[in-house]
Every structure is written in structure tokens, then in C-alpha cells.
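Subject: Structure for your review

Dear colleague,

Please find below the structure that I am handing over to you, together with its sequence. I would be grateful if you could read the notes that follow with the structure open beside them.

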Amino acid sequence: MSPRAAVLAGLGSWLPPRVVTNEELSRELDTTDAWITSRTGIRRRHVAEPGTATSGLAVEAGLRALKSAGVPDVDAVVLATTTPDRPCPATAPAVAAELGLGTVPAFDVGAVCTGFLYALAAGSGLLAAECADSVLVIGADTFSGILDPADRSTRAIFGDGAGAVVLRAGDSTEPGALGPLLLGSDGTGEDLITVRSGGSRAPVRAVTAGEADPYFRMAGRTVFRAAVERMADAATEVARRAGWSARGIDRIVAHQANLRILHATADRMRLPRSRFPVHLDAVGNTAAASVPLALAHAAGTGELLPGHRTVLTAFGGGLTWGACALRWPAVTPL
Ligand code: UT7
């Protein structure tokens, strides 16, 4: 018996209304619009108001994905996030309850900026195992809450947001069927993208005693090189497994970390840079929300069209990376 494929049937996104421009950041930090624009391509980002938690963004994106799919509910919720509402419990059950989904299975996936790819794999697994006939897969993050207010290298980059898709059980030949999905990790790089304390290694009491660093940290330059190599190689490999040449990929919707990373990834794959939709100029790096937000933007502008041979790829903390191939389906992003 061939396993049931996961078919992308709806797409939704949500950004908190407050916009912070480079200009506004440069009034607070030792940075300039020129530096941020030239080194990253980012011009502005959305930031959640104090009191808005990740679940709030996830619910808004989830509602829109359900509406886009034309369904009132789903059988399960998988939420990719690095900024859950609380360290315990997971945030997905609260999101499911807020969406009125009753007692469906709901859990979080933590793979930082690769989280959405990992969550797609988890959602596909629920469908293949016949645990569910439909799954809401959400990527949502509120990095503004974990950034060091004085760290210009992270404050310039990250923004808040959420994106979501509805997956339904279907046939692998349908448009929207998630094709080959590749995931990887290298835990020897755990220090490169990290929040060092608040977990079991350096518990909260060390933070309150002033002995530990509670903020998100990233070794930007090292991560930059790894992101290019891993995303380019993962994207090339899933295309090969899908039976496409790298040149045959119409659109690569990649994690939106830095415009120079997108360009370098295109160059490594020897593909025109125009095949990589860009959304980071308007939202920055939104971590687990990055890929679904970029999908919604590209599908909304017509840059991504039904039938396009599409590859999603991401890289993030862990270190983790992943890629997934699919023929873009006729969905209307909301
Ligand atoms: O989402 C997960 C994956 N994340 C990524 O893939 C991010 C990858 N990394 C990057 O995007 C880039 O490395 C950054 C945008 C984070 C940094 O750009 P860079 O060109 O690699 O700069 P750098 O970290 O090597 O820093 C160069 C200089 C430093 O000054 P010194 O030490 O040379 O005096 C930084 O302090 O740029 C300085 N700098 C800034 N200057 C003005 C760093 N951030 C800023 C800033 N404004 N916002």
C-alpha cells in the first residue's frame, strides 16, 4: 500500500501591525539604514506589542489558512516555534483550543528557523500514519521578546510573524503534494545560534542571579556560510529526488535570513537569483514563520504560480536544515 501523501490545501499569514523601520532602530542603536540595507537587504520588520504572545500570531495565521483551505477545522495542529508562550507546556494545545478545535492532538516542534520544514514532516507523518486526515501546520515566532535590546547584530535582523498551511491526505500525483522532504542536523554547532540559559543546562535561577545570559545569540559570519551550503545542497538534493534538474526548479522559497544569503545560495546552485522570491525586505528574519510568510507573499504577488516546480528550504539553529519539493497548487493565500 502506498502511503497517503500530504497535500497543501490552504495558506495563511499574519504580521503584527507595528512596523519598525531601519531608521527607527538607528535612533536607538549604533547602526544605520545604509548598513542594515546593504549587509542584509532588510528595510523594516513587524514587532508584536507587549502582551501579544506567539499563540496570538499563530491563531491569526491559522484562521486564515483554514479559510484559504475552505475548511472549518482540522484533525491536528503542529506548531513550529522557538518562542513558545511559556517554557512549559507546549503552545500548540492553546492554539488548537483558541481555534475551537476541541481535543485534537497538538504539539510544538523546535528547530529554530528550520522549524516549519520539520513541522511539515511531522504533519506528513500524522497523515501517513492515519492519525489525522488534515493537519494545520503553523510556523510562528516572536523573537522580539528574546533579543538583547543592546545587540545591534540581532535587533537589525529579526522580526515577528506567523504563517500556516493546511495539509490534507491525498495522492502523491496531485498538485500540492509534498514530495521528497530532506531534513538534517549537526548538534556540534549548538552554540552558534542559541539562548544559553533558561533550560536545564543553565536554569532560570542562574539568570535571576545574574550569572547567565538570557538572550538569543548568533555567530553571524559562521552561520552565513553554513546556511548557504546547507540550503543549496539540500535544495539540489530534493530536486534530484523529485526527478528535476536544479535548473528545472521554477522557484526556491528559502528561509529569509539575509538577501546576500539568498544570492549566494542561487550562485552556488548556478541559478538565476530571480528564482528566489524575496520577502525579507519587509519582514526581516521571522524564524519559523519565514518560509510560510514568504510563500504567502510570493503566491499573493503571482511570483509563485500553480504548477511551478517549487522547492522550500531553510537553515537554522541546532544546527538544522531541510528542503521539500512540491508542484505549487492553486491555493489563494489569505
Ligand atoms: O536564521 C538562522 C540563520 N541566520 C542566518 O543565516 C544569519 C546569517 N548571518 C548574517 O546574516 C550576517 O552574518 C549578519 C547580518 C548577522 C552580519 O553581517 P556580516 O556582514 O556577517 O557582519 P559581521 O557579523 O561579520 O560584522 C561585521 C561588523 C562588525 O564590526 P567590527 O567587529 O568589524 O568592528 C559588527 O559589529 O559589522 C558590525 N555590525 C553592525 N554595524 C552596524 C553588526 N551588526 C551591525 C549593525 N549595524 N546592525
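This is a predicted model: local features need pLDDT of at least 70, side-chain atom pairs count only at pLDDT 80 or more; totals for chains, interfaces and linings use all residues.

**Position of the ligand**

The shell around the ligand receives residues from both domain 1 (4–171) and domain 2 (181–327), and therefore the ligand lies between the two domains. The space that the ligand takes is the second largest pocket.

**The surrounding shell**

There are 23 residues around the ligand, and those that come nearest are Thr31, Arg39, Arg221, Asn258 and Asn285. Sorted by class, the shell consists of 11 nonpolar, 7 polar and 5 charged residues. Four helices each supply at least two residues of this shell: α2 (33–40), α6 (152–155), α8 (220–242) and α9 (259–268). Of the shell, the largest share comes from α8, with 5 residues.

In Thr31, an N or O atom of the side chain is 2.6 Å from a nitrogen atom of the ligand. Arg39 has a polar side-chain atom that lies 2.8 Å from an oxygen atom of the ligand. For Arg221, a polar side-chain atom is found 2.6 Å from an oxygen atom of the ligand. The ligand exposes 950 Å² when taken alone, and the protein buries 75% of that area.

**Points of the backbone**

Most peptide bonds are trans, and most residues other than glycine have a negative phi.

The peptide bond that runs from Cys88 to Pro89 is cis, and its omega is near 0°. Pro89 belongs to the loop between β4 (77–80) and α4 (92–98).

A cis peptide bond is also present from Gly318 to Leu319, with omega near -10°. Leu319 is located in the loop that lies between β12 (309–316) and β13 (320–327).

Val112, a residue other than glycine, has a positive phi, near 50°. The loop between β5 (106–109) and α5 (115–128) contains Val112.

With kind regards

Methods. Residues are numbered from 1 along each chain as its sequence is written. Side-chain values use heavy atoms; hydrogens and water are left out. A residue is near a molecule or strand if one of its heavy atoms lies within 4 Å of it. A polar contact is a pair of N or O atoms within 3.5 Å; within protein, one must be able to donate a hydrogen and the other to accept it, and residues adjacent in sequence count only if both atoms are side-chain atoms. Accessible areas come from the Shrake-Rupley method with a 1.4 Å probe; for residues, only the protein chains shown count as cover. On a 1 Å grid over the protein atoms alone, a cavity is a set of points where a 1.4 Å probe fits but cannot get out, and a pocket is an open set with protein on both sides within 12 Å along at least five of seven lines; lining residues have an atom within 4 Å of a point. A molecule sits in a cavity or pocket if more than half of its atoms lie within 2 Å of its grid points. Ala, Val, Leu, Ile, Met, Phe, Trp, Tyr, Cys and Pro count as nonpolar, Asp, Glu, Lys and Arg as charged, and the others, Gly among them, as polar. Domain bounds come from an automatic or database domain assignment.
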